[in-house]
Structure formats: structure tokens, C-alpha cells
Amino acid sequence: MILRRPFFWIILAIAALFIYLPLHGNNVSLREDLILVAIAIILASNLNLMIGYTGYVNFGHIVFYGLGGYVGLYLATVRGLNLVAAALIAGVVVSLCAFLFGLAILRLRGAYFALATIGILQAVQSFVSNFDPWGRSTGMYLSFESYQSLGGAMHALWVTYYLIIGVMALSMILSLAVKNSKFGLGLFAIREDEDAAVVLGVNATVYKSIVYSVSAFLPAVAGTFMFYKNGMIDPSIAFEYMLSLEGIVMLMLGGQGAVMGAALGAGLYEKLRSYLLTSPKLSDFHLVIAGGLLLLVVLFAPGGLMGWFYRLLPRAREVVE
Amino acid sequence: MSGVLASMIDGVLVGAVYGLAAMGLSLIWGVMDVINLTHGAMIALGMFAMYLLYTLHAGTAYLLLLPVMGVGLLLGIMVYWMSVHRVVGRPMLMSLLSTFAVNMMVIGIGTAIWSTSPYNVNYSVQGLTLGAYTFTGNHIAAALAALLIALALQWFLYRTRTGKAIRAVADNREAAELMGISSTAILTIAFAIGIALAMTSGALVSTLFPFTILSGATYQLKSFVVTILAGLGKPFGALIAGVLLGLLEGVVTPFIAVSWIPLIEFGLFVVALVAFPQGIFGKRAAA
Amino acid sequence: MSALLEVSGVSKRFGGLLAVSDVTFNLDEGEILGLIGPNGAGKTTLFNIVNGVYKPDGGTIRFQGRNITGISPDKVVHRGMARTHQIVKPLNDLTLLDNVTVGACFGREYLDLKGARAVALEVLQQVGLGKRAHMLARSLTIAGKKRLEVARALAAKPKLLLLDEVLAGLNPSEVGQMIDLVRKIRDGGVSVFMIEHLMQAIMSLSDRIVVLNLGRKLAEGPPDEVVHNSDVVEAYLGFPDIVDKLTRTAQA
């Protein structure tokens, strides 16, 4: 069923491209570039499930990524688990946490929910900063020996890259699958009019809970891989509020609701961001430009790039989802 | 025990300023159902405005509140037309994002100008000593200023024509328009007042504690908690809820590390949202 | 044999307002039961209680013999009761097809996506919206949106359909079409409970009518009986003799 969707193959092609390009010629700097884009796509795609599909704005989405990084890193280093196993367990643990958070805050609507998600982010950051086993505000560091299990530091960098590309492909495939499923239709109904959806038979409480928990899984897994690759984690970089918000900018830019929108917005924004941060004159204005971009999109093009594209070529909706 | 009592009274004083800070947020939210995410940035701008004015003219800082309010009104009009006008009436997400975008821009510019270094307004008013307790003069003065402004706002909303028009628009925009009230003008004024209040509270805070361009965020959080507790659009409700929050902080700070306070406040925020859908004093618009 | 829907002693209070007070009536299978009353009589509130949007403060609702008092609306639909809203609630950024598919997916039969789509297309044809299946819901006129509401509810394959002022805002020819549709629905085996203000419509459609005023049931019975009930006339028109006056003037 999902194999019939042409976009599925487009996703695989993109992933293949991401793997082939830096591998061919052993281009390490390209790999480092692309890994950031991949992480952005992972975060934006999973955030899309909440914002684009269900209409619930999650301002604190990054908390899953950071928490996943912590749990996974802890399991991989202190507990000596295999990296992939650690990542998967981290994914499950963080999804469970999301489920619990959801019990408290999913009953809130619209803006109240959005504000509450910021609270969750700050609360978790606060907690982790005071949590001994995870190094409190200093965080955790990886020694070089940890990479031996993956064949040394150099090799480990490539392995984690492939793993992250894998998660990226999975994120996009997940978005695609949900979009074309009965579950996804229920989410869209909730987004359009939650009360009407309930009267039509959608169990909104359960659906919201599921999508919130599911949207936490892959970012958590990616968090484990990414922080493992970076060799360190601390509360300020794990729970960077800005990254959460940039996720929203990416979605709005690319076009919320569309799978390609998340990817496009993430890719473009990430490029813009790295350009701004490295440019000597403009790095101070990174926030200003991002804010300005968001404002323009919200005021004049709320459908984002994909919205504009679909209006241009309505037939494209079927292929580029 | 005496330490806690002093802390509590101080908390009440500072809480009045929290209440003032919340009034701006609450007014805008109540009148046009927009959650102003520039609130924190405006508070921070108010802090810097006071700093700049005081460097230019070192006198009674409290007189400088007036020009700060003026700047706030102008800024408010600008921000309204830039980011709110087009999205009033559209889904809440849009105004959240547009005001948030402006917030990002203001913080970005602010960081470019002032970086994230701490600043200070070196102004002190004679304190008050009652027996064993000494109360910082600045705190008392700030609380008094907050009270005065709240009274002025209450008078404005209930005794002037424009104020009544604002309350009418908050109640039912269409009906108000049918009565001949230009809702765009009213919304602009209400928003401008909201921003002016935010900046003024920031200006007061600058006389109490050192600050950076990022300090607004903490006060924004407190404003949200106060607004949710108090319900929308009621200046005195906000003041009282602010005082209660300050009191809570006063009770808690002697015993817990400062870094836990935001956590507690957000816990309170979520609990208040879930347990008091109507706010404690007034109405809360459906989100 | 018990009635399809049994409402007994239902009450609902909002703060100081007693919106519905001790209302009791039955709806039999295969009938069209009308619900009328002045504005503010509590009709929509009663609907909301019957389909689970509100929990009543007192009384019970039994549907197909089972107690459904206070269960959530999504479960009520699964049991076989669907409703439309007085102020239409289209899922604006979804196509008509998707709108109705939601009804079929989450209704009584809980179909999978493919099956639901097929049912949705059928139902859209039935209500006359088949050709516009791929248009977005927001592009419809009010009459179209009302038909969409009905289509969505029908797609859930209900045994009982609650229609809340489905004729409001329609012009005379649209009213005629909708009346025909309601008859077709009942002839197809779905019982109907409808709130309506349009007297001619409710009189010609209903097998029986329940009259509500200020939250209380004022009268219940066949249309002719109810409309000549002096309490009903007084509540609606204010004068007990007005029916006579009107019929006399008409005859003169």
C-alpha cells in the first residue's frame, strides 16, 4: 500500500543521495553539513505530525531529542549497551515520557497547549540540570575508547551518519504512512474541528496521545545517535529552546502538513542558518532574519513553499506529498 | 522565621510588579484573543529604555517611567500594524507565530546592540526600617508605582469613553462595531497600552535587579502564570494574582535553589490551566 | 418491544440556568420525531445530552435498549446514532470526499480507509454532492455545507439520525430538496429526530412532535394535535385564540 505511493520512492532516493554524495570521495565536510540537514529533517518531520496533521503546536518539541540523547548516551556508555539497542530503548523510554506528559497537557487546547509544552521543556531541562547520574549541569562526556565498539572514532562517525540517515528516511516514511492512513484522517479531522471530529466518532483523546508519543520516538533515537557522535551532552545543548522554535520556522517555511514541506523547509532553513552563523557580518542577525522570515511566511504565505507549489501545480499533490 | 517573613513581604512588593507586567499581556489577550509572544521582549526593552534614559538624565528614575510609557505606546502601535493586524481573527496559531517572529527579531537586534551582558540601573531610594527588618526602598517604590498604574488603568477602562470602547470590543467585537466603534482603532490602542504596560514593568524591574536582553523571558513566564490565575482583562485581578505569585516566591526562596523556581511556576501554570478553566477572578477566552 | 430511543427525566443545569428540566419521551424505530419550541427552549441542549456532548445532571438515555447516559459522543456514534449541527461544522481544508470518509471510517461500521471511501462516494451521490467530491469543503455554499453535514452523518450508517435545524438558512427550493432527502433517509431505514423552526416542514415531515419550552416538555403527539394545543400556541404565539383567529381569517 505505501509502496504504491510514488513519494515513498522519492524518499528512498533522497536518502540514497544523502549516503552516496559524501561517501563518494570521502567528503567529510559535506557529511558534516548533511548530518545537520538530516537532523533538521527528522525534527521537522516528526513535529509535523503534531502541528501539520493534528493542529497542536508543540513549542517544546526539542525535549524529546535532548532526553533521548541523555537516555541513550547513558545506556551506551555507563551501561555499556550496544548503540542501536541503546537508541531504541531511549526511543521507547522517551515515548513513554511523552505519553505521561500528554496525560497532563493534551486536554488543553490551542495556545494553552503550546505554552504548556514550553513548560515541559523547561521543567525537563531544570530536572536534568539537577540530576546527578547524568552529570547535572556539566553533562556527560564520551571517552575515545567508547568508539572502539564501532571500530574507532573515524569509522564511528560514518556509522552514526548512516544510522541518522536511516532515521531521517524512517521519519519521512512515517509521515507519509500516517498521512495516508485512517489514523491520519482522524488526526486531520481533529485539526480541522476537534469537537466535530469527536461527534463523528474519532476518539480524540486517544489519538492525540498516540501521535504525541509517536512524534517523540524517532527524535529520541536520533538524539542518541547525534550526541553519541558528538561525544558529549549537557542540558544547555540538549534542550536548546531555539532549536525547538527553528523547527516550527522550518515547518511554516516549507509548508506544514506536507511531508516534502517538512523536508524542504528543514533543508533550506538549515542552509540559511549555517550560512548566517558562519558569516562574520550576519551572525548576530541570525535571529532577526529567522524571525523576519517567519513573519513574512505567516503574514503572506501561511501555506509555505509547498502551499505555493500545490497552487501552481495541483496535480503535484498526488506525487510530491 | 524572621527571614521567611521578610522574604514574604518582599515577595509581595515584587509581586505587584509581576502583576503590572501581566496586565499588559492580559489586556491584549482579553481584548483581541491574541497571545502576545513579544511580551518578554518588550519587558526587556523597557529595562534597557530605563537604562538609557537614566544614563542620559540621572535624576528620579520614576519620572522616567513616563517617557518609557510613551515609547511603549509608539512601539505597540508599530508592532500591532506589523504583526497583529492581519492575523486578528485568524486561528490562534497565526498570531502566536507572528508575535513570536517579532520577538525573535527584537531579541536578535537587542543582542546585536547590547549582547548578553548584564546591565544595571544604579538608582536607589531610601529604604524603610521597621525594627529588625529593612525593606529596600526600590522595592517599595516599585510596588507603589505598580499600584498607581493599576489604579490609572482601572480608571481608564471604566471611566473614559475609550476605555469603555475597549471593554466593549473585548466583550463582543461585532456588536461594538455595530455601535459605531472602530474596532481597528480600538485594537491598536489596546495593543499599544498592553505594550506600554509591559515596557513600564520592565523599567521598574531594572531598578530592582540586574538584567540582560534575555531577562524578559523569565518575566514573560511569570506574566503567563499570573494571567492564567487571574483571568483575562482585569487589571486588579492581575495585580492581586501577581502579589500572590510574589508571595509564593517569597515563601519558597529561602528553602529552595533559585533554579527550581521556573519549574515550580510552570507546574503552577499547568495546574491552574487544568483546574481553573475560567481563571480565579474573571473570564478566560477559549483557546 | 422497547422504543429505539428512550429519554427519561433528563435535566441539565448550567450555573444558575436550568436548561433542560425533567424531559421524558420516546422515539420509535422508523419514525420521524420533530422537536420544536421557542428559541432558548433547550432543544439543542437536549440533542447535546442525547448524543453525549453533555452529561445530564439527572435522568437517563437509553438507545436500542442500552443505557448510554453520559457516554462520550464518539462512542455514541459507534452505537449507531449520528448528528448534524445547527451551525455547520465542515472540515474546511479537507475535500468533501475526505469529510464524508471520516464519517464512514469512525461510524457504526468502523470501516477501513478503502471501504470508507467507497461508502463516502455513494453517500455523496445520494445527497447530490457527488460531482463535487474533490472540492474543498470551505468552497461550498451554506446549502452545500448543510448537505455535507447530513452526508457525513449518514456515512456513519446510523440507526438514528439527529438533525439540528437542517433547513435553517436555505431558500425555498433548497428546503424542498432537503425535505425530500429527509424522507428518503427515513425510507432507507434510518429513524430521524429533528429540531426545526420551519412549521410547514416539520408538520409535513414528522410522524409525531415533541414541544419544549423553557426546558420543559410542553406537549407530545401527532402534529395536528400538538399544533392545536393551547399551551403550545401560547408559548409560540402568545395568544390562545390565535389559531382560531388565523383559521377563521384564512377561511373568510
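Which strands of chain C does helix α1 lie across? Select residues 43-50 of chain C: this helix lies across β3, β6, β7 (160-164), β8 (191-195) and β9, running at about 150 degrees to β7(C). Contact here takes C-beta atoms, placed from the backbone, within 7 Å. Angles run from 0 to 180 degrees between N-to-C directions, with axes fitted to C-alpha atoms, for helices over the stretch in contact. Helices (H or I, at least four residues) and strands (E, at least two) are DSSP runs, numbered from the N terminus.

Before going on: this is a predicted model, in which local features need pLDDT of at least 70 and side-chain atom pairs count only at pLDDT 80 or more, while totals for chains, interfaces and linings use all residues. Residues are numbered from 1 along each chain as its sequence is written, and chains are lettered from A and ligands numbered from 1 in the order in which they are written.

Now show the sheet. Its 6 strands form an open sheet in the order β6-β7-β8-β3-β9-β10 (chain C), with mixed pairing; strands pair if DSSP finds at least two bridges between them. The edges are β6 (81-83) and β10 (216-221) of chain C.

Next, select β3(C), residues 32-36. With β9(C), residues 208-213, β3(C) pairs in the parallel sense over 4 bridges; look for Gly34(C) opposite Ile209(C) and Ile36(C) opposite Val211(C). Towards β8(C), 4 bridges also join parallel strands, and Leu35(C) stands opposite Ile195(C).

Because 5 of the 5 residues are buried, β3(C) is largely enclosed by the rest of the structure. Ile32(C), Gly34(C) and Ile36(C) point one way, Leu33(C) and Leu35(C) the other.

Technical notes:
Two residues are in contact if their C-beta atoms, placed from the backbone, lie within 7 Å. A residue is buried if 20 or more other C-beta atoms lie within 10 Å of its own, exposed if 12 or fewer, and partly exposed in between; C-beta atoms are placed from the backbone.
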